[in-house]
Amino acid sequence: MSIFAGGYAGKILYVNLTDGSIEKRPLERDFALKYVGGRGFSSRILWDELETKTDPLSPDNRLIIAAGPLNGTPTPSASRLVVAAKSPLTGILGDTNSGGYFSPELKYSGFDAIVLRGRSSSPVYLWVRDGKAELRPAKHLWGHKISETNHLLKEELGDEDIHICAMGPAGENLVRYACVMTDGEGAGGRCGMGAVMGSKNLKAVAVRGSQDVGIADPRRFKEAVDAYRQTLEGEVWTDVLRRLGTANLVEHRQKLGIWGAKNFQRATIEGWEKISGEAFRERFLVKVMGCMGCMVRCRRYSAIKEGPFAPTYAKGPEYDSINPLGAKPYITDPAIILRAHYLCDEYGIDEQTAGSSIAMAMELYERGILTKEQVDGVELVFGNGEALLHFIEKIAYRKGFGDLLAEGTKIMGERLQADYYAIHVKGLEVDASDPRSLPTRALTYAVSTRGSCHLRGFPYIDEFIKPEEAKAYFGTEAVSNLKSLEGKGKMVAWSENWVTIPNLMGVCIFAWNRSRSFPMLIRRGLELMNEIFVATTGLPMTKEQLYHCGERVYNVEKLFNVREGCRRESDYPPRRFFEEELPDGPGKGSKLKREEYDQLLDEYYEARGWDKKTGIPNPETLKVLGVP
Amino acid sequence: MERKIFFHPERCLACLSCMLACQMKSMGISEVRSLSGEQRPAPRMSITFDRGTPWIWVCQQCLSAPCVEACVSGSLRREDGGKKIFHNSENCVGCGSCVLVCPYGAFHYDEQEKRVVKCNLCLEEAVPPCVRACQTQALAYQEANSFAGEKKKKFAQDMRRDRAADR
Amino acid sequence: MIRKRIAYFENRQDPEAVCSRCRMCELICAFHHHQVGNPGRACIRVISLGQGEDIPVTCLNCEKPPCMDICPTGALHRDESVGMVLVKKDLCIGCAMCVNVCPVGAVTLDLVEGVAAKCDLCGGDPQCVAYCPAKVLKLTDADQLARYRMKEFAKFMKTQVGEN
């Protein structure tokens with residue numbers, strides 16, 4: 001019997017792949033109250049169980065698959081899954097967040113999370129069903145791409161309704177940024193979780209369950225969910241995302257001139273209309289799709305039905321496919337981008353790092369730093385779509401030049417003495433946008449606890465917050481001034497704690513933080529979210545306490561990285577952003593200024609209660625949060 | 001979720017291979033040629049016809065089985081965490097109460113042994129011999145909701161074929 | 001009496017007006033009937049056929065329901081207020097013969113309660129219809145359905161025949 005009145009399954013599955021032992025441990029109430037779920041569980045467990053300087057590809061690394069308390073309930077878009085480990089790409093904390101149907105099914109199978117350690121002596125997969133788990137041989141699955149792996153597993157287990165988190169050939173070959181794919185659709189893309197699976201000889205995790213996820217107060221739950229849904233119904237973002245998916249951001253990047261095109265040498269793209277959200281919808285969209293319980297439905301299902309790449313069926317593409325596979329290598333053929341995205345999904349490679357690595361190589365080739373011989377005789381120039389497709393496969397199998405590409409831009413930079421052209425923070429490539437004209441975005445990317453990531457914070461607040469709201473929440477009206485840097489460090493820090501919350505709950509941010517109204521960020525994001533949490537679990541939690549859970553988790557992640565050697569020096573954007581001006585677009589002439597950035601970072605550390613010189617959390621800060 | 005025997009009447013040829021396989025199993029015979037014209041044991045499964053459509057009589061493993069309630073000797077028991085109904089014919093006294101209450105004719109009276117017999121799903125086998133013997137896969141050894149799911153899938157496929165013209 | 005049922009109305013010309021496989025219908029059905037999160041206990045299910053084909057399937061509310069005919073205890077009975085076949089849980093012995101005979105697999109066995117489960121139109125205000133974000137589930141009847149199909153076919157014929 002679960003000690004929880006609802007939400008939680010109450011059990012964490014511990015699997016030792018070395019000796020094959022499997023243990024079910026109860027989820028402690030105190031742990032749930034402090035860390036809530038999802039990224040909270042994974043970050044805390046990684047902090048507790050890993051030693052400093054653990055080799056991420058060694059048996060001692062942990063792979064953690066975590067759901068949140070709301071997964072499995074009819075909470076809107078409670079579909080997200082966290083997969084975490086120490087990253088083989090960055091050497092610091094790594095985690096991914098993906099949608100679909102896996103995390104609800106994990107809850108129905110009776111578990112809140114799975115913690116895997118060790119290394120199996122031969123390929124295996126984990127089969128979890130209704131409270132029971134077993135390791136089964138996977139030699140016959142080894143070598144297969146994602147779709148085929150899923151198909152074979154469903155056939156073997158005799159059930160089409162199982163849900164699968166798998167790695168592809170890239171993971172088997174320990175490509176540093178190999179990803180995990182859930183149900184062949186949702187990528188747990190970044191940080192190389194697939195490589196960790198490969199290093200453990202773990203091909204896949206399959207789950208199936210028929211158990212209830214309890215709801216402590218159904219009447220209160222329904223009221224909260226209905227109120228929550230109403231805030232999404234009127235939301236303009238809901239319509240935009242449904243119509244064009246995340247690819248709607250293509251036009252935004254072009255209008256603001258913040259592309260990182262040609263490996264961050266250009267801020268605008270000629271021919272961008274060919275790869276806009278409208279273009280993809282017009283040419284390839286079969287239908288829109290929604291993750292579990294989602295009313296936004298931003299997923300695309302696309303098909304190429306004519307031309308050299310027909311037939312190709314894939315979920316996507318996302319903006320974060322078009323950016324690294326289009327903008328970065330400067331390719332404006334949408335069929336090539338979609339095909340490249342499909343290949344990344346099938347081989348199990350993070351398209352963000354793949355595109356970034358190939359784009360970096362393109363720049364090095366054009367500058368003569370890489371010779372044609374070194375790149376397997378391929379004319380590796382920007383715009384060469386065939387080269388992109390060619391090297392994606394080579395990366396997956398570590399063949400030829402693909403072997404170096406498979407290391408990611410940081411190691412490529414080190415090996416080729418060309419680290420200036422490696423555009424990453426802490427080893428994770430800059431995604432989303434070029435922040436040279438938007439310093440608060442630069443800060444957000446640079447301080448993120450998994451390396452450069454736009455999802456760890458929410459710096460867009462200053463685009464719509466009103467002066468009186470800014471004064472009330474951040475102590476100064478300047479936060480509502482887009483041009484001012486005053487108060488922005490504080491704003492970013494607040495946004496990071498706040499945006500951690502959906503990652504704990506298992507809820508998708510597109511059904512949570514999309515708004516152009518700051519009061520709505522508080523109403524939906526904190527108040528209603530907390531109301532749903534309390535109605536589901538019956539646990540005592542206020543919205544202030546929930547916010548502090550976000551802060552607590554963020555600090556644990558920072559501690560993990562500090563233990564691995566991160567200091568203030570790691571929290572800086574790449575040199576290129578300080579040394580080169582944007583050459584074109586509305587932001588032409590912009591670049592980051594060192595003194596300004598230092599000021600921002602100082603303010604950020606102060607707001608966080610971290611030491612300004614080292615970036616290390618102060619003991620008082622940790623004491624208040626009850627960490628470690 | 002436990003498996004039991006489901007039936008696809010549209011596939012049934014009424015060849016009675018299932019009945020024969022059941023009897024052979026209870027006689028311990030694996031070769032059909034070993035059978036002669038001798039008397040055979042009461043079958044745990046049989047075929048009936050309803051307006052021209054064949055249907056099988058076999059224990060449905062009811063979750064709230066009336067037979068377990070009615071049994072006076074305790075030879076009918078819930079096993080396996082309550083999910084299967086096991087009839088221990090050794091303890092059966094042949095009172096016939098189960099025969100009266102079962103809606104599915106699952107119980108047959110064995111004249112020689114003076115007790116009833118019922119399908120116990122041949123749990124020592126991976127798949128019951130009757131299901132294996134059926135040449136048209138009219139018998140399915142399946143979980144209830146998996147069986148329903150397949151029917152749903154077939155219906156969805158029919159609907160898709162129907163709408164192919166709209167594509 | 002015109003028998004109401006929940007039917008799936010898609011418009012294949014509109015990528016937003018087809019089932020998106022969000023499975024909210026399953027989630028809200030199970031929540032409405034059992035106050036839990038467990039789509040396995042829902043009376044509607046989204047069937048995925050691959051290549052983007054997702055079709056919700058539920059009870060067709062037959063004129064001559066095989067489920068009701070076969071039920072040995074009378075647990076499955078027609079409730080004329082809703083027009084649907086409903087399950088009297090205290091009479092149901094969990095034999096699952098109704099599951100066996102339903103031609104579309106719309107009747108299932110609820111594993112927690114040990115009784116048959118099927119769509120009951122939520123007493124007249126079907127929740128799946130209310131919560132479907134694509135608005136592709138509708139409470140309808142055979143007449144409306146037939147008219148809808150005729151209209152779709154007429155539109156299709158027009159595209160084939162053209163201006164002539």
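Nine aromatic residues turn up in one cluster in chain A: Phe458(A), Tyr460(A), Tyr473(A), Phe474(A), Trp494(A), Trp498(A), Trp512(A), Phe518(A) and Tyr547(A). Rings of Phe, Tyr and Trp (its six-membered ring) pair here if their centres lie within 6.5 Å, with planes under 30 degrees apart called stacked, over 60 edge-to-face and the rest tilted. The model is a predicted one, where local features need pLDDT of at least 70, side-chain atom pairs count only at pLDDT 80 or more, and totals for chains, interfaces and linings use all residues. Residues are numbered from 1 along each chain as its sequence is written, chains are lettered from A and ligands numbered from 1 in the order in which they are written, and side-chain values use heavy atoms, with hydrogens and water left out.

Over all chains, the search comes up with 32 aromatic pairs. Take Phe458(A) and Trp498(A): this pair is edge-to-face, at 5.5 Å centre to centre and 65 degrees between the planes. The two partners come from distant parts of the chain, 40 residues apart, with Phe458(A) in the loop between helix 18 (439–447) and helix 19 (467–474) and Trp498(A) in helix 20 (residues 488–505) of chain A. Helices (H or I, at least four residues) and strands (E, at least two) are DSSP runs, numbered from the N terminus.

Chain B has a pair of its own to show. With ring centres 5.2 Å apart and planes at 75 degrees, Phe7(B) and Trp55(B) are edge-to-face because of that plane angle. Phe7(B) belongs to strand 1 (residues 3–7) and Trp55(B) to strand 3 (residues 53–57) of chain B, so the pair ties together parts 48 residues apart in sequence. Phe7(B) and Trp55(B) are buried as well.

Zooming out, chain B is built from five helices and eight strands, which follow the order β-α-β-β-α-β-β-α-β-β-α-β-α from the N terminus. Its C-alpha trace spans about 65 × 40 × 35 Å along the principal axes, and 47% of the 167 residues of chain B count as buried. Looking at contacts (heavy atoms within 4.5 Å) in chain B between residues at least 6 apart in sequence, 56% join residues at least 24 apart.

Back in chain A, the charged end of Arg25(A) sits over the ring of Tyr14(A), 3.7 Å from its centre. Sitting over a ring requires NZ of Lys or CZ of Arg within 6 Å of the ring centre and within 35 degrees of the ring normal.

Definitions and conventions:
Buried < 20%, exposed > 50% of the residue type's maximum accessible area, 1.4 Å probe, protein only.
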